[in-house]
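Welcome! Have the sequence and the 3D view ready, and let us walk through this model together, one topic at a time.

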There are 2 protein chains.
Amino acid sequence: MTTPSSALALQRIALQQFATLGFAGASIGSIAQAAGLAKSSVLYHYASKEALLTAAVQPAVDALAAVVAGYPEGAGEEERERFVERFIDFLLEHRLAVHLFINQGQSLSGIPVLGRANALVQRFGELVAERIPSTADRIRFGVALGGAAYTLVAAANWSAGEVPETAEIRAALLDAVSSLLGQPARASAAP
Amino acid sequence: MTTPSSALALQRIALQQFATLGFAGASIGSIAQAAGLAKSSVLYHYASKEALLTAAVQPAVDALAAVVAGYPEGAGEEERERFVERFIDFLLEHRLAVHLFINQGQSLSGIPVLGRANALVQRFGELVAERIPSTADRIRFGVALGGAAYTLVAAANWSAGEVPETAEIRAALLDAVSSLLGQPARASAAP
DNA sequence: TGCCTGCCTGACCGATCGGACAGTTAGGCT
DNA sequence: AGCCTAACTGTCCGATCGGTCAGGCAGGCA
């Protein structure tokens with residue numbers, strides 16, 4: 001009843017190519033070749049290229065919906081810290097899909113699953129903007145979240161040497177994001 | 001002798017479509033249509049799609065080279081601050097090209113001008129990493145630069161309401177990036 | 001007047017794309 | 001044995017892609 005493992009492997013490969021080459025740049029044929037299948041076999045499992053993309057990013061959209069739904073109501077310090085932590089974990093787990101949302105979400109908004117992802121991100125931004133109406137603070141928020149998402153996918157390609165382990169990356173991201181969101185803009189000195 | 005204005009408009013439109021739709025997703029026909037020309041006319045001005053991309057991003061690559069070349073040798077406070085300012089101004093002026101570098105630089109590294117852009121970004125990162133070898137600090141660097149670049153191009157699409165003026169954005173970006181690069185990681189309390 | 005040159009265009013070409021379709025296997029069930 | 005189904009494949013189709021080519025067309029110059 002659950003999705004068979006072959007289909008899961010196909011989704012992983014497809015997501016990888018969609019994220020790095022773009023939806024238009026990645027062809028069904030190249031995805032099939034990377035999976036060791038014929039083009040027709042990919043279209044046997046998924047009715048269309050769009051359906052394959054939908055299946056590949058659906059888990060990330062659901063996880064994003066859960067994260068946004070868990071945005072803290074109050075202004076408690078611990079609550080907000082835990083939220084940032086959940087968000088970072090979401091980024092770590094679904095980094096390729098997040099990369100796709102950020103870079104192709106607008107041009108692919110006609111595809112329902114990406115339209116939903118866009119709506120979630122927009123609602124996310126509204127939630128934050130509602131609480132911190134200053135432009136400087138909102139840009140801090142954008143730099144923190146966008147920067148974290150970008151760093152995860154792009155830095156690995158450019159870093160010449162070895163790649164640090166996940167736990168270290170997680171801690172470093174938490175440090176950077178907390179330092180941006182921890183205090184209001186232009187008030188670098190804590191009380 | 002200088003580039004005629006019609007070619008400049010073509011470069012602007014092409015860069016816009018390359019950045020938002022991806023190099024593979026943007027067709028010469030759609031670029032021509034947006035410019036009010038026929039497809040053949042675009043190929044009259046530029047020998048190939050690749051040549052058009054090169055012409056469109058060349059100024060940004062040159063500007064990036066100048067910025068990287070101006071990386072301060074010493075550790076002076078003012079020097080580094082001025083450098084961050086120059087970098088932010090570069091991002092503001094060439095935001096679309098930067099978006100293209102970040103998101104398609106790897107998959108388009110076969111095109112010479114993007115290979116050069118990749119080398120510049122990598123050298124940029126090495127310059128910084130050489131001085132601050134900690135993973136946390138390097139990720140701070142990535143979040144700051146990637147986040148700033150991302151915020152400039154992506155946030156505008158998602159922000160529901162009005163867009164703040166350039167000067168305000170510039171100040172807010174300077175604030176956020178300086179707060180990330182101003183002091184080492186895990187030392188949020190200034191003396 | 002004729003001619004040249006820069007800008008632009010439609011018609012056309014081969015390659016590749018997403019997708020439809022008719023098979024062909026291999027394995028389980030009766 | 002016969003049969004059914006899931007997984008997979010090669011072949012074909014129309015559309016679109018990047019790119020070539022022969023020519024139209026206006027303006028400057030003789």
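## A buried alanine

Leaving aside neighbours within four places in sequence, which residues is A144(B) in contact with? They are V143(A), V177(B), L180(B) and L181(B), where contact means heavy atoms within 4.5 Å. A144(B) itself sits in helix α8 of chain B; helices (H or I, at least four residues) and strands (E, at least two) are DSSP runs, numbered from the N terminus.

A144(B) has a relative accessible area of 0%, so it is buried. Here buried means under 20% relative accessible area, exposed over 50%, and partly exposed in between, with a 1.4 Å probe and the protein chains only.

## How to read the model

This is a predicted model, in which local features need pLDDT of at least 70 and side-chain atom pairs count only at pLDDT 80 or more, while totals for chains, interfaces and linings use all residues. Residues are numbered from 1 along each chain as its sequence is written, chains are lettered from A and ligands numbered from 1 in the order in which they are written, and side-chain values use heavy atoms, with hydrogens and water left out.

## Chain A as a whole

What is the secondary structure of chain A? It comes to nine helices and zero strands, so tracing chain A from the N terminus gives the pattern α-α-α-α-α-α-α-α-α.

Chain A has 191 residues, and 45% of them are buried. Take the contacts in chain A between residues at least 6 apart in sequence: 70% of these join residues at least 24 apart.

## Meeting DNA strand D

Now turn to the DNA. There are 13 residues around DNA strand D, and S40(A), S41(A), H45(A), K39(B) and K49(B) come nearest. A residue is near a molecule or strand if one of its heavy atoms lies within 4 Å of it. Helix α3 (39–45) of chain A and helix α3 (39–45) of chain B each supply at least two residues of this surface, and α3(A) has the largest share, with four residues. The surface near DNA strand D has six nonpolar, five polar and two charged residues. In this scheme Ala, Val, Leu, Ile, Met, Phe, Trp, Tyr, Cys and Pro count as nonpolar, Asp, Glu, Lys and Arg as charged, and the others, Gly among them, as polar.

The side chain of S40(A) has an N or O atom 2.7 Å from a base oxygen. On the phosphate side, a polar backbone atom of K49(B) is 2.7 Å from a phosphate oxygen, and an N or O atom in the side chain of Y44(A) is 3.5 Å from a phosphate oxygen.

## Meeting DNA strand C

DNA strand C is also surrounded by 13 residues, the closest being K49(A), A38(B), S40(B), S41(B) and H45(B). How far is K49(A) from the phosphate, and by which atom? What lies 2.6 Å from a phosphate oxygen is a backbone N or O atom of K49(A). In the side chain of H45(B), an N or O atom is 2.5 Å from a phosphate oxygen, and in the side chain of S40(B), an N or O atom is 2.7 Å from a base oxygen.

The helix that gives the most to the surface near DNA strand C is α3(B), with four residues.

## A space inside

How many cavities of 30 Å³ or more does the structure hold? There is one, and about 110 Å³ of space lies in the largest cavity. Among its 14 lining residues, I102(A), N103(A), Y150(A), N103(B) and Y150(B) are closest to its centre. The lining divides into eight nonpolar, six polar and no charged residues. A cavity is found on a 1 Å grid over the protein atoms alone, as a set of points where a 1.4 Å probe fits but cannot get out, and lining residues have an atom within 4 Å of a point. Grid points are joined across faces, edges and corners, and a volume is the space filled by probe spheres set on the points.

Definitions and conventions: A polar contact is a pair of N or O atoms within 3.5 Å; within protein, one must be able to donate a hydrogen and the other to accept it, and residues adjacent in sequence count only if both atoms are side-chain atoms. On a 1 Å grid over the protein atoms alone, a cavity is a set of points where a 1.4 Å probe fits but cannot get out, and a pocket is an open set with protein on both sides within 12 Å along at least five of seven lines; lining residues have an atom within 4 Å of a point.
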